[in-house]
Amino acid sequence: MDEKGLEGRLRKQGMSLRRLFLHYVKERSLWLALPAVIILMFLAVAGLYGYDIVVRNMLYAMYVSLFFMTVACAADFFLYCKRYRQLEEAMEAGGENDYRLPAAKGAEECLYHAMVHSAREENRRLISELDEKAADMADYYTMWIHQIKTPIAALRLLQQRMEEESGAEGKERRKQAAEELFKIEQYAEMALHYARLDSMSGDMLLKKYDISVIMKRAVKKYSVLFIGSGLSFSMEDFACRAVTDEKWLGFVIEQLLANALKYTNTGGICIYGADGSGKKRNKAVDYVVIEDTGIGIRAEDLPRIFDKGFTGYNGRMDRKSTGIGLYLCRKIMQRLGHTMETKSEEGKGTRVILGFGQEE
């Protein structure tokens, strides 16, 4: 038996050879003690009756027996260590570890194997059911998004007909219809991104992009809400390039702009480049800030704004917040390898700092 090699393997698996030997002796104590007790009984009986020659002959037999017993125990201990190592490897394998178990020895171990296989089959069944439910949910979201496009198209047609109406009342009605139509589209986009979040890695195209270009596209998309809000808007020039996914990052920016518009009644929204502390910079930057002069976030709500389903005081006042938008933003930014930090003061506005890392 290669004790050094075996010792090294067992140490890697968290148990030394000495500790394993102690476990072996404890488990085999009855079988190790039984031959010794039998030999001592024979020697005691022979000694009581004065069979000196018999005792001497039995001592020779005892030495031979002890030798073979030691060899047998050494071989048994080697097999014990090998079996322990196989069980450890099966445990660390995960997944299909029931197929890596060593062969059963005896009826009791056969029952244990049957129990493990039964538990694995039940686990597979439950996982299969969960996968089917997740796939059904994703299919439902996708179907719902495609179905909602029909009323959106109908609303667009109605909006075009409204263009023919004249006067201030017709103009106001057209503006409201355009805003509500845009909100429906955004809610549909949020549902779609939420459904695809778990499989996001298969839906990404990572390239080096100019972040300011992605920002401008998002702002242009939200122009209908900016115009209707009456808020001021500014975007300062900055240079920031990073490896990202345009579609997913664009969704994050759109959600942040939507939140800024929702919770800003006076003042405006500003986008600018910054350093790590959030201080404005006009040159090459690693951070971009979206700042508003809105109602801000309460200090007790700030640590939880990225939690799934958390709406906070502002969300309860608005009564339309789902607590999903910022949760999605944080998850997406993490999977893209970017950072997102929020700084806010109640009544004074909010700053969201997006970090993209330095370009090499």
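This is a predicted model: local features need pLDDT of at least 70, side-chain atom pairs count only at pLDDT 80 or more; totals for chains, interfaces and linings use all residues.
View 1. Phenylalanine 77 has a relative accessibility of 8% and so counts as buried. By the ring-pairing rule, there are 3 aromatic pairs. Phenylalanine 21 and phenylalanine 77 form an edge-to-face pair, because their ring centres are 5.4 Å apart and their planes meet at 85°, over the 60 degrees needed. This pair links distant parts of the chain, 56 residues apart. Phenylalanine 21 belongs to helix H2 (residues 17-27), and phenylalanine 77 to helix H4 (residues 52-93).

**View 2. Phenylalanine 67 and phenylalanine 68.** These two residues form an aromatic pair with edge-to-face geometry. Their centres are 5.4 Å apart, with 75° between the planes. Buried or exposed? Both phenylalanine 67 and phenylalanine 68 are exposed.

**View 3. Arginine 330 over a ring.** Here the ring belongs to phenylalanine 306. Arginine 330 lies over its face, 4.0 Å from the ring centre.

View 4. Strand E4 covers residues 268-274. It is largely enclosed by the rest of the structure, because 7 of its 7 residues are buried. Gly268, Cys270, Tyr272 and Ala274 point one way. Ile269, Ile271 and Gly273 point the other way. In a regular strand, side chains alternate between the two faces of the sheet. Strand E2 (residues 232-235) runs parallel to E4 and is joined to it by 4 bridges. Strand E5 (residues 287-292) pairs with E4 in the antiparallel sense, over 6 bridges.

**View 5. The largest nonpolar core.** This core has 46 residues. Met215, Ile253, Leu256 and Leu354 have the most contacts inside it. Elements that each supply at least two core residues include helix H6 (167-196), helix H7 (211-221), E4, E5 and strand E7 (349-355). Helix H9 (246-262) is also among them. H9 gives the largest share, 9 residues. In soluble globular proteins, nonpolar side chains tend to be buried together.

**View 6. Contacts of methionine 215.** Which residues does methionine 215 touch, leaving out those up to four places away in sequence? They are Met235, Phe238, Ile253, Ile271, Val288, Ile290 and Leu354.

**View 7. A second, separate core.** This core has 7 residues. Among them are Leu17, Phe77, Tyr80 and Cys81. Phe77 is also the ring partner of phenylalanine 21.

Conventions. Residues are numbered from 1 along each chain as its sequence is written. Side-chain values use heavy atoms; hydrogens and water are left out. Rings of Phe, Tyr and Trp (its six-membered ring) pair if their centres lie within 6.5 Å; planes under 30 degrees apart count as stacked, over 60 as edge-to-face and the rest as tilted. Buried means under 20% relative accessible area, exposed over 50%, partly exposed in between (1.4 Å probe, protein chains only). A charge sits over a ring if NZ of Lys or CZ of Arg is within 6 Å of the ring centre and within 35 degrees of the ring normal. Two strands pair if DSSP finds at least two bridges between them. A nonpolar core is a set of buried Ala, Val, Leu, Ile, Met, Phe, Trp, Tyr and Cys residues joined through side-chain atoms within 4.5 Å. Contact means heavy atoms within 4.5 Å.
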